[in-house]
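Here are a few friendly notes to read alongside the model. Keep the 3D view open and find each element as you go.

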Amino acid sequence: MATSSPYYFTFDWTKPVLIEPIVRIKPELGIQVTYDSNMSRATDAYASAGMFRGFEIFMRNKPAPDVIMLSSRECGICGEHHQYIERVAQEMAQGGNPPPPLGLEGIMLANDAAMSYDATAHLTALGGPDWSSLFFKIAGYFPPQIYEIAQQTPLSKVAQYSKAFPMGAPTQLQMAGTTINTIADLMDSLVPIIGAYFLEGAYSWRIWHEAELLYYLRIPHPISMVPGGIGVPPTVENMQRYLQRMIDGTAWMMKQMAAYEYLDLFLADYDNVFGIQGIYDKLNGTLGFAEEGNRPGNFVSYGQSDVSEAPTVTPSSTTVSPYDATYENMGAWGRARVVKPGLVIQTSPTSAPQLVTNDLIDINLGVREFVESSWYTPWYSNGAFSSEVPSNVSGITEDPIGNPVSYYHPWRKWTIPKPEPRPIPMAYPTPYSWAMSPRFVPYQNHKPISNLYYNVEADPMAVMYAQVLQPQAPTPIYTCEYPVGYGIKYNSNEMSATWYLPTVRSSTVKLPPEFQQGSEIEFKYIAPYKLSGGKIVTNAIERMRARAFMAGIDTMGAWIAWLTAMSYIKQGKTEVSSMPPSSWTYKKNTNQDVAIGVGMKEAPRGAQFHSEVISTGMGVNVPAINPQQMQPTTVNAGPRVKSTYDDGIQTIKPASPTHGAGTFEEAIMGNPDYNILGTPRLTIIPTDQWDGFEYAQTLRSFDPCFVCGVHIAIPNGRVIYTTLGAPVDLSNAIKTFYRFAMKVK
């Protein structure tokens, strides 16, 4: 490497290269990439989780209420969402112990603020810098023509191609006292610490944090949320404090959607109207950013933001109901959520993604976890359960309403670590990751409709595909209107979802005139499959846009919760907890003498799942026998699974048998079964200085919170870690980064 080079990475791209750590993700994620210089693409990838996750072991036999508090320690950013779904799982194990209406809305106020906070933090600081002018203008990562075109492309030109703002697309944005007129201005604004987007975004995530604290008291480890309620009542004073922050936060969410809508349309450039696609067509014959991180349209979303008053939906034959914490009604109260659940599957390269179900019972029954490529001993193999698995866990053959439960469902799963050295280079079938491999079998009406299992994507892109395809479900939803007046419309032909936010006046977050007309502003999200004319399912920049629009729907959820809570306060309905802890009773609800439950909802990073097997009994000392967690990053990072399994219900096999890769791996290497090539090289720096930035950028677009997927180092074994490429001098790399940052201004 030349001595004048500002780069501090050295890679030999003629061999598989392990890029580790993926910075801005808690550094236990490594991605081994095989790069073909002739194709200018990645052709193979292995994602490896480098630390063992121990919660499922040390929470065994702890008092079940303690597990609710312990579960929030799984993450230092979004722990409140772990606690939320653990609460749901235990309310279900108690036979249905929901919070009183005002208590539920208080939890929702905190929850929706937390969702909006985390989305902004990612779009601002965790993923946003990848799309800043640090890489387009100064660092030399992308062709210089892109920034030059960006300088000559006003927002008003990009706005002409946007359908996201039916009441008028902004032609100018004000952020932190800076006027954003062009795409180049927008790229400059994303520069960390000094960029206008970063500065105003940081203010926004702080005020959403403050709003959340009004009800959780402490984050990311709340101390107020328990089965059947919350310890902090929404009072008139607290509601006023929340409203003040929600107004500024809503103003920012509107601008955030506009910023990423324009950046996405410009960079993805599906129809080459800005010339970005044309640059890459000439350079390496690829579609550029439109292909970066593309993969099949297989997604899972659990929905989020439960409601105490059921919405009105069309058709009226589709059942929805208020949250009651019962398993038997989970399909109905899941569909009543502001963000709808859904399993989306693309069955072939020529078919569009389709919504298989929006029923949480179906999605739960379809969950399978495998350890084929992971450092664990299988809890079930060769037709028998391991002797380590308690009989009242292995013997669970029915869900609470009598449906068969697979051998590989988390209710029957038992975590048995088996530490081994990581192979260098990684290669199937040798185990190479601490992450397990979640896969999904499509179900409808509580029965499997396929003998294939799919690796799916769990992130805001999955959320938005599930929303736009709601009319395709066996229980379709075309419109959903909540009693307080807000709702959402779904159009699966257009692949769009349309909703409203109230017009707000903020003295801190200045809005463009297009977002200050009338009493409500309309927003519309259209999935990339339609934007690209049916060519591209998803890509890295589309994941960023999806996060911005998901946060917009979450903000509508906050308004629904606030208005609903105010109506209860006016009516004098002030109860926020169902019963004292001494009355909590865990009830047998399966064929074993145990109580089982499941909590499923969207966390900021994607679909988050907790299951519980708990002893029966009353009070605060009833032990949790088998707490299991399946986080969104685990869904995405799960390594290869290529085998055929008897799952206790049918024989199942992988939908993508060629490589059986996990979602992260697939986003890098492509999928030959769907004719999707790997992520192309987009940067132009010399090969000896190239650090595979596109691969880190792709993984960061998922916002994988890897602290959720891996945790404690195990005490009874040693794993050897070797990297083939890593920072030579991290301190100098940081200094170089800030030199670049200062040059922007």
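1. Let us begin with one pair of residues. Met600 has Phe609, in strand S25, as its bridge partner. Please keep in mind that this is a predicted model. The strands S24 and S25 (residues 606-615) run antiparallel and are paired over 10 bridges.

2. Now step back to the sheet around that pair. Three strands make an open, antiparallel sheet in the order S24-S25-S27. On average, neighbouring strands here are turned by 10° against each other, direction ignored.

3. Which helix lies across S24, S25 and S27? Look for helix H3 (residues 79-93), which runs at about 145° to S24.

4. Zoom in on strand S21 (residues 496-502), which pairs with S22 in the antiparallel sense over seven bridges. Within this part, Thr498 is found opposite Lys524 of S22.

5. Is Ala548 buried or exposed? This residue of helix H17 (residues 540-571) has a relative accessible area of 0%, and because buried means under 20%, Ala548 counts as buried. Apart from neighbours within four places in sequence, Ala548 is in contact with Leu123, Gln256, Met257 and Tyr260. The C-alpha atoms of Ala548 and Lys255 are 9.4 Å apart, although 293 residues separate the two along the chain.

6. Finally, have a look at the second largest pocket, which holds about 370 Å³ of space. Among its 19 lining residues, Tyr161, Lys163, Leu265, Asp271 and Leu531 are the closest to the centre. H10 (236-268), S22 (520-526) and helix H16 (528-531) each contribute at least two residues to the lining, and S22 gives the most, with three. Sorted by class, the lining has nine nonpolar, two polar and eight charged residues.

How values were computed: Residues numbered from 1 in each chain as written. Predicted model: local features only at pLDDT ≥ 70, side-chain atom pairs only at ≥ 80, totals over all residues. Heavy atoms only, no water. Pairing = 2+ DSSP bridges. Helix = DSSP H or I, 4+ residues; strand = E, 2+ residues; numbered from the N terminus. Axes fitted to C-alpha atoms, helices over the stretch in contact; angles between N-to-C directions. Contact = heavy atoms within 4.5 Å. 1 Å grid on protein atoms, 1.4 Å probe; cavity = no way out; pocket = protein on both sides within 12 Å on 5 of 7 lines; lining within 4 Å. Points joined across faces, edges and corners; volume = space filled by probe spheres on them. Nonpolar A, V, L, I, M, F, W, Y, C, P; charged D, E, K, R; others polar. Buried < 20%, exposed > 50% of the residue type's maximum accessible area, 1.4 Å probe, protein only.
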